[in-house]
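Please read them alongside the sequence and the coordinates.

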Amino acid sequence: MFNLPAKFIGTLAAAAMGASLAMSPASAADDTIKVGILHSLSGTMAISETTLKDTMLFLIDEQNKKGGVLGKKLEAVVVDPASDWPLFAEKARQLIEQDKVAAVFGCWTSSSRKSVLPVFEELNSMLFYPVQYEGEESSRNVFYTGAAPNQQAIPAVDYLAKEEGVERWVLAGTDYVYPQTTNKILKAYLNAKGVKDEDIMINYTPFGQSDWQTIVSDIKKFGSTGKKTAVVSTINGDANVPFYKELANQGIKAEDIPVVAFSVGEEELAGLDTKPLVGHLAAWNYFQSVDADANAEFIKEWHAYTKNDKRVTNDPMEATYIGFNMWVKAVEAAGTTDSNAVIDSIVGTSVPNLSGGYATMMPNHHITKPVLIGEVQDDGQFDIVYQTPGLVVGDEWSDYLPGSKDLISDWRKPMSCGNFNIVSGKCGGVTN
Amino acid sequence: MRLNRLLSVFILMLGFCCHIAQSNAQTVDDATLRPLVQALAGDNFENTTKAISDLVKTGDPRVSKILDALSAGDLYVAKADKTVFLGKRDGSDYAATDALTGAKLDPVPRSAAEKIKVNNRLRRDIAAAIGGLTLMSDNIAERRSAAEAILKTRDPESIPLLDQAIAVEKDAGVKALMQQAKAAAVLNSDAADDVKIAAITEVSAGNSRAALGLLTPLENVQGPVGEAAKAAIDSINTKLAFWNAIQNVVYGLSLGSVLLLAAIGLAITFGVMGVINMAHGEMVMIGAYTTFVVQQIIRTSAPGLFDYSLLIALPAAFLVSGGIGVVIERGIIRFLYGRPLETLLATWGISLVLQQAIRSWFGASNVQVGNPSWMAGSFDLGLLTLTWSRLWIIVFALSVFAILQLVLKKTMLGLRMRAVTQNRRMASSMGIRTPWVDALTFGLGSGIAGIAGVALSQIDNVSPNLGQGYIIDSFMVVVFGGVGNLWGTLVGAMSLGIANKFLEPFAGAVLGKIVVLVLIILFIQKRPRGLFALKGRAIEA
């Protein structure tokens with residue numbers, strides 16, 4: 001980090017010797033394994049990411065009660081990248097180079113993940129990313145424990161088409177990379193299923209959109225042609241509240257035009273009066289209402305840890321839980337926290353998820369998940385109305401996009417490639 | 001779908017026979033009905049759908065109440081003995097009543113019971129079922145929703161039943177709705193051409209947007225029906241285009257009034273005093289949080305007052321935001337008059353401090369501010385859907401504007417404010433205590449921002465970031481309208497709102513905003529002082 005002239009080094013060495021006495025408690029810290037937590041605690045994303053920081057502290061606390069990892073206690077290093085994408089990269093570098101963390105758990109937005117990706121590849125560290133995302137990426141150093149589009153968006157569309165008989169689709173999203181890529185995939189998927197272009201309406205809005213009058217009335221118009229219509233929403237975070245309020249106020253009920261959302265979970269509903277929203281849907285891989293012993297146990301301990309029995313749990317929390325446990329298991333299997341060894345040992349690792357099944361890390365660094373569709377209830381929870389019969393493997397390169405359908409990713413040796421083109425037989429095929 | 005069709009036929013026939021035999025309504029004894037109710041707790045939606053149709057077939061008058069409860073999610077099944085009961089949440093228990101008899105049962109712990117699952121499709125089926133059962137009901141609201149349900153299902157089998165209902169219907173509105181439903185059903189049947197053409201005329205007289213949905217499939221039919229449908233569609237489209245323009249204006253006024261509310265406080269602190277106040281958005285945010293606190297207090301101590309919560313929150317928000325404004329002015333801004341760059345940085349710092357303070361205090365998540373009943377819902381004006389909350393905000397924004405004008409033009413405080421801002425030294429020589437006027441003016445601007453927060457809490461989400469979304473728009477409105485002129489702010493806000501709404505359908509929300517921004521930049525190049533420039537020699541001072 002510092003390129004100091006040689007004459008300083010001598011002084012520094014002396015200073016360091018003098019300081020070594022004072023630093024002796026630090027040698028005690030060598031008996032701990034450091035884990036980095038890279039979530040925004042201030043700025044716009046704090047609303048979502050603060051909970052994940054708390055989740056990590058909770059998981060580390062639980063693990064230490066069980067005796068830690070490899071006989072050492074875990075020590076959390078929390079930094080605040082303040083919802084500022086370039087700052088994510090700086091903080092990631094600081095965690096790896098200065099704090100010497102064994103692995104980092106963090107990021108929420110795709111922009112932040114793209115910002116830290118080169119840092120993790122350059123310094124050969126590990127990032128566990130717990131949020132659903134648009135896919136089209138695979139890195140040797142990143143483990144994607146959230147859903148890829150085929151683990152969330154496509155099953156949701158299938159459910160609406162089959163169960164609700166939807167024929168006309170509104171794809172509404174916030175104007176950034178996740179909704180745009182997801183909608184591109186969905187449009188290609190719907191077209192492949194025979195839905196015509198005139199039955200698909202795509203609409204983008206800026207971040208934090210608060211005036212939804214025109215758009216909601218457009219949706220109403222689009223849905224009044226006699227064909228059953230549904231809205232597939234990739235609207236991000238804060239803009240959802242006014243959107244749902246406007247829907248409710250203009251009298252659009254879930255029975256008429258259901259909205260299925262990919263970014264609305266228990267945490268987001270906490271700021272809403274959900275009575276007018278009953279019946280609108282969300283697709284996730286976990287809901288707090290999942291009826292499983294593992295989930296009941298997790299919620300109980302979470303409430304005890306936070307000393308607040310109103311704290312909700314949500315999908316990214318489960319993804320964090322799975323990612324953390326996978327890392328612990330892989331470290332124990334490798335017998336070391338060295339990145340190369342853990343990266344090799346983690347593929348194939350299975351740990352329990354919270355819905356009563358198992359999640360396995362696949363060679364493409366994505367995991368297996370069940371897909372759940374839930375309807376909003378008047379208490380702000382979701383009632384699960386559909387669950388995929390088996391587990392779905394995360395598909396990093398979408399099969400429905402022309403540029404990426406020939407690509408696969410397999411980080412096992414000897415292939416060890418994130419974008420292998422099965423047509424040309426070469427690593428480094430067309431990306432994006 | 002086939003099942004649904006069958007189901008609604010049964011329901012309608014049932015409604016029919018119930019009407020005929022109303023005096024001795026068919027009741028089935030509990031022993032036959034109970035297993036059918038039990039069957040509602042099926043393993044999957046198919047089974048529940050079947051159970052619903054079985055229940056409806058019995059024709060028992062209690063069925064509609066049970067289905068209502070199922071639709072509302074009040075029907076539970078005990079895990080142990082699988083009995084179905086009506087539950088109401090009561091602490092960690094469900095207060096249980098028998099689904100059939102309504103007799104009180106022992107409370108069931110929440111962990112020992114499971115809600116019977118319903119999804120949108122089931123709810124639709126149930127609404128149609130209850131609709132069919134109640135077409136002849138004594139209650140006008142029930143008859144109306146029955147007709148609406150048939151308008152949605154468009155089931156040809158319901159035509160004879162509708163004929164009967166129309167014959168005895170007294171209420172004109174419900175009768176018209178029934179006729180609409182009948183016409184819709186006729187269009188969906190294989191009736192003769194002349195009957196269908198009459199139905200087309202009937203349908204196109206009603207709600208045009210729904211009619212478009214009914215008529216579009218007929219457009220390509222050969223022969224007179226297709227031609228009639230085409231003609232009707234054309235006339236409806238002309239009508240819709242007209243209403244679309246009106247809708248854009250109304251939505252534009254509504255967006256404009258939100259902009260006006262957000263900007264009007266800034267029009268005082270920035271426009272009149274010349275302070276570049278980056279913390280203005282946070283004053284709005286604090287007003288919204290005050291509303292939240294007021295509602296929390298009302299919820300816990302006086303739930304009956306909830307409908308008045310906003311009226312109570314208004315003065316509270318004014319005082320809280322205004323008070324904080326005075327403190328900021330006295331504590332920081334007064335040392336920075338005449339140094340715009342420092343003021344900008346200092347107030348920006350204040351805005352970050354306030355945001356993080358609220359975040360630490362209330363948490364980073366959104367808090368829930370409820371809509372009082374008089375602000376929820378919407379009504380139709382012609383082909384326009386107007387929501388009450390938006391309408392009230394237009395009214396509210398204009399009244400705040402009017403009151404502010406009165407304060408500035410007709411009160412002593414207003415006179416002093418204008419005097420100080422126009423010529424500080426002369427005002428001071430006349431014995432006006434200018435520092436106090438400064439503090440009060442800044443407090444007034446901040447207080448107005450707080451009031452805006454009360455209104456915005458009704459349409460936006462209340463989070464620590466609330467203010468950030470409005471600060472840029474507010475400056476845009478004030479600069480566009482002309483610094484130092486309240487009328488400019490009004491006209492600026494309304495024209496920006498309407499321009500935005502006319503651009504949105506063509507350009508999309510994202511591009512629309514960019515176009516508006518570019519237009520403003522060009523406008524400011526041409527007229528740097530905005531729409532309504534103040535004239536006079538004191539301006540440059």
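**Notes on a predicted model**

1. Which residues of α7(B) are buried? In this helix, residues 159–168 of chain B, they are B:Leu161, B:Leu162 and B:Ala165. Viewed along the axis of α7(B), the buried residues lie within an arc of 95°, and therefore they line one face of the helix. In an α-helix there are 3.6 residues a turn, so residues three or four places apart point the same way.

2. The unreviewed UniProt entry places the feature "transmembrane region" in chain B at residues 249–276, 283–302, 308–328, 340–358, 391–408, 435–455, 475–499 and 506–524.

3. Two of these spans can be set against the model. Residues 391–408 of chain B are 100% helix and 0% strand, with end C-alpha atoms 26 Å apart. Residues 475–499 of chain B are 84% helix and 0% strand, and here the end C-alpha atoms lie 17 Å apart.

4. On the interface, 43 residues of chain A are in contact with 49 residues of chain B. On the chain A side, two or more residues each come from α3 (46–65), β7 (200–205), α8 (213–222), α9 (240–249) and β15 (382–387). The element that gives the most is α8(A), with five residues.

5. As to composition, the side of chain A that touches chain B has 12 nonpolar, 19 polar and 12 charged residues.

Key: Residues are numbered from 1 along each chain as its sequence is written. Chains are lettered from A and ligands numbered from 1 in the order in which they are written. This is a predicted model: local features need pLDDT of at least 70, side-chain atom pairs count only at pLDDT 80 or more; totals for chains, interfaces and linings use all residues. UniProt positions are given in the numbering used here, feature names are shortened, and annotations may be inferred rather than shown by experiment. Helices (H or I, at least four residues) and strands (E, at least two) are DSSP runs, numbered from the N terminus. Two residues are in contact if their C-beta atoms, placed from the backbone, lie within 7 Å. Ala, Val, Leu, Ile, Met, Phe, Trp, Tyr, Cys and Pro count as nonpolar, Asp, Glu, Lys and Arg as charged, and the others, Gly among them, as polar. A residue is buried if 20 or more other C-beta atoms lie within 10 Å of its own, exposed if 12 or fewer, and partly exposed in between; C-beta atoms are placed from the backbone. The arc is that of the directions from the helix axis to the C-beta atoms.
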